[in-house]
Amino acid sequence: MTATALTSLFRARSVALVGATDRSIWSTAAFANFERIGFTGQVYPVNRKGGVVHGLPSATSCAAIGEPVDAALLMVPEGAIAEAFADLNAAGIRNAVVLTSGFAEVGAEGAAKQDALLAAARAEGVTLLGPNCLGFINYADRVPIWTTQPPMPVIQGGSIGVVSQSGATAGFIAAFAQRQGIGLSYQVSTGNEADVSVARVVDFLVDDPATTVIGLFLETVHDAALLAAAARRALLADKPIVAIKIGASETAARAAEAHTGSLVGDDRVFDAVCRQLGIIRVASIEDLVFTAALLARLGHVRDRRAGLVSISGGVCEMAADQAEAAGVAVPSLAPTTQDALRQVLPAFGTPNNPLDVTGGAMLDASIFARSLPAFGADPSIGLVACFMDVPDTPEEIAGYRGGIVRQIGAGFAASACPTLMLSVLSRPVTEAGRALLAETGITYLGSGVQHGLGAIGRAFTWAERQERGVPAPPAVPARATERPTSEHATLAFLGARGVPVVPLTLACSAAEAVAAAQALGGPVVLKIASPDIAHKSDIGGVLLNLEGAEVVAAGYDRILASVRAAKPDAAIDGVLVGPMRAGGSVELFVGTLRDPLWGPAIAVGLGGIWVEALRDTAIRLLPVTPDEVLDMFAELRGTKLLDGYRGTPGIDRRAAAEAVARIGDAALALGPALASLEVNPLRATAAGAEALDALAIWNEEA
């Protein structure tokens with residue numbers, strides 16, 4: 001589907017309402033929306049019985065309209081869709097919005113009907129939005145093909161494009177935004193996404209001049225590759241994407257014996273996608289709307305250090321706590337700034353950040369106008385956020401509360417850095433309040449302290465990510481012909497792919513084990529070598545710190561006896577003999593998996609027993625660069641351990657990151673038949689990294 005196809009849909013200048021009737025709330029609302037939104041094109045009711053519908057003469061079919069029509073809204077029952085679609089094609093209409101339900105959302109029979117509908121659309125070159133969707137509103141061009149009443153009055157000049165698989169949720173987002181005085185550029189419901197998906201709409205909005213921020217509500221992702229490509233383009237275009245994603249898949253259940261799936265799951269993979277592609281993930285409609293609005297109004301904030309101001313010391317303390325939780329830096333003031341503020345504040349005021357202008361501002365609101373420019377001029381502050389509620393009524397605006405807001409506006413106007421006013425509690429913005437904000441030029445969010453500082457933190461994080469750019473992904477390695485199944489074979493494969501691995505010798509007798517141990521010249525580890533045994537220690541298949549010929553020989557016999565008793569049918573290749581590595585290291589877990597939506601991904605965490613105890617992992621889609629792996633290390637809750645902790649030595653992070661990236665490349669080379677490749681542990685030291693154990697899990701059907 002081309003951008004031109006969506007342009008002709010979203011900017012349609014003539015619309016047929018198929019199944020129009022005065023008895024339907026959907027039809028009545030859809031028709032009324034053309035007047036509500038200010039559509040200046042042509043609307044054609046279509047009803048097979050003809051007559052007058054919604055005050056206009058109704059055509060008995062689309063073909064009977066006799067004029068070119070850009071788009072049609074299909075509101076007929078599911079059983080009449082095929083006939084309506086044939087009529088659509090006969091009339092040459094190439095864009096359709098399908099309200100009708102009863103397709104893939106109801107099961108296999110409905111899915112077959114949806115496939116047939118899509119095939120008919122593709123055969124005629126029709127762009128299809130839906131089925132089972134409420135439609136869309138293009139506020140920027142005043143084109144509504146939407147089947148419920150939108151929130152009124154419309155906030156003009158909005159620049160947030162909202163795309164939702166759920167039509168009702170799109171309506172909730174739009175309604176909440178309207179109550180906050182926040183306008184939208186688009187409101188799109190994609191429904192079942194037979195043809196037009198969220199990803200395709202995002203790709204369209206990246207190039208839409210009226211849209212500066214994109215908001216998403218996702219239940220699943222139907223075109224992960226396109227969404228990823230669109231997100232990369234959005235990041236490069238300095239156009240933020242804010243997303244709510246609900247639901248989870250059965251990735252963990254499909255991971256078989258591997259740990260990775262149970263540690264990750266598709267929801268955490270989506271988190272990783274957001275980190276890599278610069279998508280801002282939020283958990284609520286409030287955070288989506290406030291974050292998107294902040295970004296739309298302030299744009300890209302370059303200096304991400306905040307100065308916080310309130311008339312209340314208690315609010316200042318709450319704001320400081322919330323800023324820390326949101327990762328927002330609140331620096332101390334320079335001595336020159338403190339001196340300047342002392343000239344303005346009452347004698348009992350203290351020039352700090354956060355700045356309490358004190359209750360003296362109730363008596364002399366000009367304290368705001370005089371203190372804010374000096375505060376914002378501090379060399380360590382890049383954004384000033386002042387906490388004050390906008391009054392709701394003309395009477396309040398005419399009183400002292402309106403006077404305070406006007407003084408804040410004057411102080412903001414004289415400030416050299418970006419400024420923002422936030423409410424103390426989350427609250428709607430009335431028409432009178434919006435008029436006062438327009439008068440004063442204040443950028444305002446009725447978000448409350450917590451949502452407001454959360455939005456600032458997310459905007460700062462996004463800006464930092466955007467400035468790092470989108471590096472070109474490394475080349476995908478050539479496909480390997482090997483299919484390792486045992487630990488020994490997997491480690492050998494990794495070694496051939498540039499991963500540092502522990503030297504191991506396969507012994508098929510006690511004597512060979514002794515000879516291998518003597519060649520190593522120190523304590524050794526013995527491990528069973530079997531393609532049928534994934535977890536060796538559980539059945540006595542691993543012995544540590546063995547030294548001396550008799551001890552090694554006895555260990556060899558002990559391992560074989562234990563494993564044969566526990567797994568009598570397992571194929572046994574022998575026993576692996578390797579050097580005992582101990583002390584001065586951190587054990588890391590590295591695991592890959594193939595997510596059903598996003599493809600191959602890699603997880604890194606603390607290894608050994610800690611990977612299960614802490615479940616502390618960072619994830620990225622493959623391939624990854626060493627620099628991306630360094631970012632993953634920084635995300636771990638246990639990241640301090642990598643630099644040494646209470647006497648333990650730190651590791652060479654760069655060397656470990658190189659090893660992890662090569663493990664990821666090795667997994668890609670093994671192809672889609674690989675379910676998971678795990679290295680646990682990857683031993684990391686100040687001198688480098690070394691894979692001590694590896695496991696490849698294969699899809700049985702591949």
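Good morning. I begin with Thr440, which touches Val405, Arg406 and Gly409, leaving aside residues up to four places away in sequence; contact here means heavy atoms within 4.5 Å. Thr440 belongs to helix α17 (residues 431-440), where helices (H or I, at least four residues) and strands (E, at least two) are DSSP runs, numbered from the N terminus. With a relative accessibility of 18%, Thr440 counts as buried; buried means under 20% relative accessible area, exposed over 50%, and partly exposed in between, with a 1.4 Å probe and protein chains only.

A word on the origin of these values. This is a predicted model, in which local features need pLDDT of at least 70 and side-chain atom pairs count only at pLDDT 80 or more, while totals for chains, interfaces and linings use all residues. Residues are numbered from 1 along each chain as its sequence is written, and side-chain values use heavy atoms, with hydrogens and water left out.

I turn now to the sheet. In what order do the 5 strands of the open sheet run? The order is β2-β1-β5-β6-β7, and the pairing is parallel; two strands pair if DSSP finds at least two bridges between them. At the edges are β2 (42-46) and β7 (127-129), each of which pairs on one side only. On average, neighbouring strands of this sheet are turned by 20 degrees against each other, direction ignored. Axes are lines fitted to C-alpha atoms, for helices over the stretch in contact, and angles run from 0 to 180 degrees between N-to-C directions.

Consider strand β5 (residues 71-74), which pairs with β1 (residues 14-18) in the parallel sense over 4 bridges. Ala16 has Ala72 as its bridge partner in β5, and Val18 has Leu74. Towards β6, the parallel pairing of β5 runs over 3 bridges, and Ala72 has Ala96 as its bridge partner there. In a regular strand, side chains alternate between the two faces of the sheet. In β5, Ala71 and Leu73 point one way and Ala72 and Leu74 the other way, and all are buried.

Helix α2 (residues 25-37) lies across β1, β2 and β5 and runs at about 160 degrees to β1. Helix α3 (residues 81-90) packs on the sheet, touching β1, β5, β6 (95-98) and β7, and its direction makes about 170 degrees with that of β5.

Next, a pair of helices. Helix α14 (residues 366-376) and helix α16 (residues 400-413) pack at an angle of about 20 degrees, their axes 7 Å apart. α14 is therefore roughly parallel to α16, the term for angles under 35 degrees, with over 145 roughly antiparallel, 65 to 115 roughly perpendicular and the rest oblique. Among the residues that meet are Phe368 and Leu372 in α14, and Ile404 and Ile408 in α16.

Which residues have the most contacts inside the largest nonpolar core? They are Phe10, Phe136, Val202, Leu216, Ile456 and Trp598, in a core of 108 residues. Such a core is a set of buried Ala, Val, Leu, Ile, Met, Phe, Trp, Tyr and Cys residues joined through side-chain atoms within 4.5 Å. Helix α18 (residues 448-468) gives the largest share of this core, 8 residues. Apart from this core lies another, of 47 residues, including Val586, Ile602, Met632 and Ala689.
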